[in-house]
Amino acid sequence: MIRVLVTGTLHEPPVARVGKSGKPFTTAKMKADSGEGLVWCSLIAFGAQAEALHEQKANAAVSVAGRADLSAWLDKTGEPKAGLSLVVDQVAALRTRPKPKPEPAAAPGFDDDLP
């Protein structure tokens, strides 16, 4: 296991899921440019990081940090490929959803004191 910081773009919208234990989590696929090609990253996040990841859209630029396992394989043409499986413990996004504004209090009406 290694700790990594990876910056890239989300390949598709993150998916919120619920585990067998009833705890929610989010999964996503991210592509990062290594200079020599793309590195695919499989992401899984829990708790507040799951919520932060789930708020992002496809093609969103994000940076994630956490524990990673490296994988390597040969594609159909025999070219070597590499990937990371990452348990996210930090999410930083270029854009975040704005927090909803609280509803303004209703102004008292003129006929509020009429029977």
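The structure is a predicted model, in which local features need pLDDT of at least 70 and side-chain atom pairs count only at pLDDT 80 or more, while totals for chains, interfaces and linings use all residues. Residues are numbered from 1 along each chain as its sequence is written, and side-chain values use heavy atoms, with hydrogens and water left out. The chain has one helix and six strands. Helices (H or I, at least four residues) and strands (E, at least two) are DSSP runs, numbered from the N terminus.

**Overall fold**

- Starting at the N terminus, the order of the elements is β-β-β-β-α-β-β.
- The chain has 115 residues, and 24% of them count as buried. Buried means under 20% relative accessible area, exposed means over 50%, and partly exposed lies in between (1.4 Å probe, protein chains only).
- The accessible surface of the chain is about 8700 Å², and carbon and sulfur atoms make up 57% of it. Such areas come from the Shrake-Rupley method with a 1.4 Å probe; for residues, only the protein chains shown count as cover.
- Among contacts in the chain with a separation of 6 or more, 53% are between residues 24 or more positions apart. A contact means heavy atoms within 4.5 Å.

**Nonpolar core**

- The largest nonpolar core has 19 residues, and those with the most contacts inside it are Val-6, Leu-10, Met-30, Cys-41, Leu-43, Val-64 and Leu-86. A nonpolar core is a set of buried Ala, Val, Leu, Ile, Met, Phe, Trp, Tyr and Cys residues joined through side-chain atoms within 4.5 Å.
- At least two residues of this core come from each of β1, β3 (24-33), β4 (38-46), α1, β5 and β6. Strand β4 gives the largest share, four residues.
- Which residues does Met-30 contact, leaving aside its neighbours within four places in sequence? They are Val-6, Thr-7, Gly-8, Thr-9, Leu-10, His-11, Val-39, Trp-40, Cys-41, Leu-43, Val-62 and Val-64.

**Val-39**

- Val-39 is part of strand β4. Its relative accessible area is 19%, so Val-39 counts as buried.
- Not counting residues up to four places away in sequence, Val-39 touches Met-30, Lys-31, Ala-32, Ser-34, Ala-82 and Gly-83.
- Val-39 and Leu-84 are 45 residues apart in sequence, and their C-alpha atoms are 7.5 Å apart in space.

**Salt bridges**

- Side chains of opposite charge can pair when their charged atoms come close. A salt bridge is a side-chain nitrogen of Lys or Arg within 4 Å of a carboxyl oxygen of Asp or Glu. By this rule there are two salt bridges.
- Arg-3 is exposed, at 53% relative accessible area, and Asp-89 is partly exposed, at 32%.
- Lys-81 forms a salt bridge with Asp-75, where the closest N and O atoms are 4.0 Å apart. Lys-81 is partly exposed at 37% relative accessibility, and Asp-75 is partly exposed at 25%.

**Asn-59**

- Most residues other than glycine have a negative phi. Asn-59 is not a glycine, yet it has a positive phi of about 70°.
- Where does Asn-59 lie? Asn-59 is in the loop between α1 (47-54) and β5 (61-74).
- With a relative accessible area of 54%, Asn-59 is exposed.
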